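Please examine the sequence and the three-dimensional model shown here. The paragraphs that follow lead through selected features of the structure in turn.

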Amino acid sequence: MAYDLAVLGSGPGGYVAAIRAAQLKLKVVVVERAELGGICANWGCIPTKALLRTAELLEHIEHAGDLGIKVEGSVKPDFDKTIARSRQIADRQAKGVEYLFKKNKIDVVRGSGKVVKQAGKIVLTVDGKPIEATNILLATGARPKPLPGIEHDGSAVISYREAMSLKKQPKSIIIIGAGAIGIEFAYFYAAVGTKVTVVEVLPHILPVEDEEVSVALKKTLEKQGMTILTGAKVEKLEKGPPVKVTVGGKVYEADVCLLAAGVRGNVEGIGLEECGIKVDRGFIAVDQKTYRTNVEHIFAIGDVLGPPMLAHKASAEGIACVEGIANHTVHAVDYQAIPGCTYCHPEVASVGLTEAKAKEKGLKYRVGRFPFKASGKAMAASETEGFVKVLVGAEHGELLGAHILGGASTDMVATLTMAMTAELTADEILSTVWAHPTYAEAIKEAVADAYGEAIDI
Amino acid sequence: MASVIVMPRLSPTMEEGVLSKWTKKVGDKIMPGDVIAEVETDKANMDFPLEDEGVLLKLLVNEGDTIKLGAPVAILGAAGEDPAQAIAEAGAGQPAAAAPAVEAKKPEAAKPEAAKPEAAKADAPVSSLVTKEPAPGATARILPDPMKPAGNGQTGRVKASPLARKVAEAKGVDLHEVEGSGPGGRVVKRDVEAAAATGATTQLRSVPAPSAPSVPFGPVAEDQLVQPSQMRKTIARRLVEAKREVPHIYLTAEATVDRLLELRTEMNDAGGAKISVNDLVVKALALALRRVPDANVSWTAEGIVRHGRVDIGVAVSLPDGLITPVVRAADQKSLGAVATEVKSLAERARAKKLKPEEFSNGTATVSNLGMYGVKEFVAIINPPESVILAVGTTEKRPIVVEKDGRDEVIIARRMTLTLSCDHRVVDGVLGAQLLSEIVKLLEKPMGLVL
């Protein structure tokens, strides 16, 4: 059986690319060594959202009295049940991907894929057996990045994988790294009653986000009871038990330590070097439009290309890549407008430039802000934490960046992303009629505020 | 069903046109390719052909009306059909926005590739040179082909993002000229910026030249407010842009042209095409640019375009403006060929019959006011060109020459030349090298013939 396209990896990059390719009448095979759906469905985006839902609900119940609900008796999280539910959802996700492959007549080969040179041509092999395919798409994703001197052992020092499947709830956890993964686990564990300490080497938590958001979120999370150390380098880690982490000369103890200091591309063991496929600083080098590597018929997408390492970026690249392969009109990826989300509570979502980046680029811009305290909907829902902050170009009023901290921000950011991608300007945003009362109204008000024209503040 | 005919794009920079004459009337049967009207665009009088068949049911505009691109001008349908419905649907008489509501007839002229065979034939020697590639090693991108239909392939409405529209307005870019790279060919900001940088909207070759108006004696009775013609508007916009954007420097030199004039007399006496002094200057500028290729360049945001071709624009004055038709590959053509071509271009320019590709994409320009007795003058560069040569009058002047070690005053025929250079790419010394090559070629004119 000769395929038009062989996809290595079935994560949100690979499986989406495979389905899109099948829609475009390509004959597709997907190679996967682990669960279908990749990290996103099995060990990332989705199962963590299941955990976070439990955490958020607990927090709401804690404040239910404010909303006129008397909660009598004790409200306690059931850790085992929470983990079990999360795993169930992951399984369902994987089955969903399997179903979609069947529906789209995509073949699946289980095993470890590797590109090898055979008779002068580079082919994809699975556990040594070659797959005949005209094009090969590498979508191998990423895995946690180790820190020098800190070794992941799965028990004392764990990664996100163990953190979402622990048999027993730890009494205390030290989380190294305050990116999205670190903060989401910090929020979850703090909500279920684990003592949480977050250590971040950079000056702010969520270092890729706008500083105002990072600063405000840190205060909120501290109020929720966690200890956050920023600008703090881990000097020493002893596995214990208990795990002892030395930061700034001070020793912090915990049952486990979660290493969440970023991820790195899965470029090893898949035959890149042997086949002369170019790897640049740990990521596969491709042409940014076609996703072609330096080898004519080999393509790559997603985390293995480098940051931003996000599921939706991988999916978008997968679609654009196979549309190019199939000679279809390409829905090109707009790299200026890739949203990023962190699902603690209040949530964080953003798209485009932070104010620091805009400054660094020497752009002339206006800043507009709108606090949820001034939003009727937020007040009614008792979700007044946070704000919308927008940066608009001084000359033309285009959206340069938008940053939201607040209850509904990860859904609100879609509107802003579309506005950026469509190159809307403040004029279009302000002449849009925004439904009232909604959280989204805050977007319009923030843009108006950039011109000193907000109504409700 | 009756359909609405809208004003097509008849020249690359056209945004509106004056329907100067209906050549068909209501009830006339139209065959594909029939010209239904003449339209004065910003550049020339153009024929307005249709590619559809039918009967002209109604004319919606009067001769002399100014009509925006895409605005309805007439209704085409079957004999005896009632045009009322098509008119209603088109919101006839309304501006262009109404046009997309009905099936707009694509005019033939909007597709230059489909030009009539006889036009293509007459045009062949010129157009075959239009798309010449830059010299090997040139790193520059090829400037957009001005004859390509508007980026969106539409006549009226352009698909563009709101931001692209704002940037276009700020930069004075005509969105019709911009190739869209966004979803579905939509023009987005980066397209407008690229177009502004490469001067894709640069079409009119404009240099100052008097149109020899008849000066009235005595005071004019009263001030009048005159609406500028399309051409006048374009000239105004382009010249302001050029003076504002391009840092001009001016270099002046004199050439002794006795031998040149003798050569010209001999050549003209020998028969063949009559060669003018201006033709000789055009050829000299072309050859000089070949010798000093660093001056045959354009400044763009992407980088400096080094032109592989030498295409010389010749400013031609018209009663209501001026236009600069281009002699392609002037360095490679014989003087006779240059002379014949300039004559034909100038005649057609005055008749407003130039095709857009005949006045686009030169690499340098000659503007000559010598025949008006102007001793010397400075000209405004036509971006994205980097030099323009202003030619003053040729006259007998006393000059000091050294003969047998002694200074001697003799009488020679001298011509004053002023080269305007875009200092971003052509520094003083480079400009001087070019000017000195021009002078050399004019003083030792055999180089122009060989």
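In chain B, Pro384(B) is placed in the loop that runs between strand E16 (364–368) and strand E17 (387–403). The model is a predicted one, and in it the peptide bond from Pro383(B) to Pro384(B) is cis, with omega near 5°. Chain A also contains a cis peptide bond, from Pro307(A) to Pro308(A), with omega near -5°. Here Pro308(A) belongs to the loop between strand E20 (298–300) and helix H9 (311–325) of chain A.

Backbone torsions of another kind can be examined next. Ala329(B) has a phi near 45°, a positive value in a residue other than glycine. Its loop lies between strand E15 (326–327) and helix H8 (335–350) of chain B. With a relative accessible area of 3%, Ala329(B) is buried, because the limit for that class is under 20%. In chain A, Leu206(A) has a positive phi, near 40°, and is likewise a residue other than glycine. Leu206(A) is buried, its relative accessible area being 3%.

Of the 457 residues in chain A, 51% are buried. When contacts in chain A between residues at least 6 apart in sequence are considered, 63% of them join residues at least 24 apart.

Over all chains, the count of aromatic pairs comes to 5. In one of them, the ring centres of Phe79(A) and Phe188(A) are 6.4 Å apart and the planes stand at 35°, so the pair is tilted. The two residues lie in helix H4 (residues 79–103) and helix H6 (residues 180–191) of chain A, respectively, so this pair ties together parts that are 109 residues apart in sequence. Phe79(A) counts as buried at 6% relative accessibility, and Phe188(A) counts as buried at 0%. Phe79(A) also forms a tilted aromatic pair with Tyr189(A), with 6.0 Å from centre to centre and 35° between the planes. Since Tyr189(A) lies in helix H6 and Phe79(A) in helix H4 of chain A, the pair ties together parts that are 110 residues apart in sequence. Both Phe79(A) and Tyr189(A) are buried. Ring pairs link Phe79(A), Phe188(A) and Tyr189(A), together with Phe185(A), into a cluster.

The remaining subject is the interface. Chain B contributes 10 residues to the contact and chain A contributes 9 residues. Between the two chains, about 790 Å² of area is buried, with 57% of it given by carbon and sulfur atoms. Of the area that chain B buries against chain A, 63% is supplied by Pro162(B), Leu163(B) and Lys166(B), more than by any other three residues.

Which side chains meet in a salt bridge? They are those of Lys166(B) and Asp427(A), at 2.5 Å from N to O. Across the interface of chain B and chain A, 1 salt bridge is found, along with 6 residue pairs in polar contact. Helix H3 (residues 162–171) of chain B gives the most to the side of chain B that touches chain A, with 6 residues. By class, that side of chain B has 6 nonpolar, 1 polar and 3 charged residues.

Technical notes:
Residues are numbered from 1 along each chain as its sequence is written. Chains are lettered from A and ligands numbered from 1 in the order in which they are written. This is a predicted model: local features need pLDDT of at least 70, side-chain atom pairs count only at pLDDT 80 or more; totals for chains, interfaces and linings use all residues. Side-chain values use heavy atoms; hydrogens and water are left out. Contact means heavy atoms within 4.5 Å. Buried area is the accessible area (1.4 Å probe) that two parts lose on being put together, summed over both. A salt bridge is a side-chain nitrogen of Lys or Arg within 4 Å of a carboxyl oxygen of Asp or Glu. A polar contact is a pair of N or O atoms within 3.5 Å; within protein, one must be able to donate a hydrogen and the other to accept it, and residues adjacent in sequence count only if both atoms are side-chain atoms. Helices (H or I, at least four residues) and strands (E, at least two) are DSSP runs, numbered from the N terminus. Ala, Val, Leu, Ile, Met, Phe, Trp, Tyr, Cys and Pro count as nonpolar, Asp, Glu, Lys and Arg as charged, and the others, Gly among them, as polar. Rings of Phe, Tyr and Trp (its six-membered ring) pair if their centres lie within 6.5 Å; planes under 30 degrees apart count as stacked, over 60 as edge-to-face and the rest as tilted. Buried means under 20% relative accessible area, exposed over 50%, partly exposed in between (1.4 Å probe, protein chains only).
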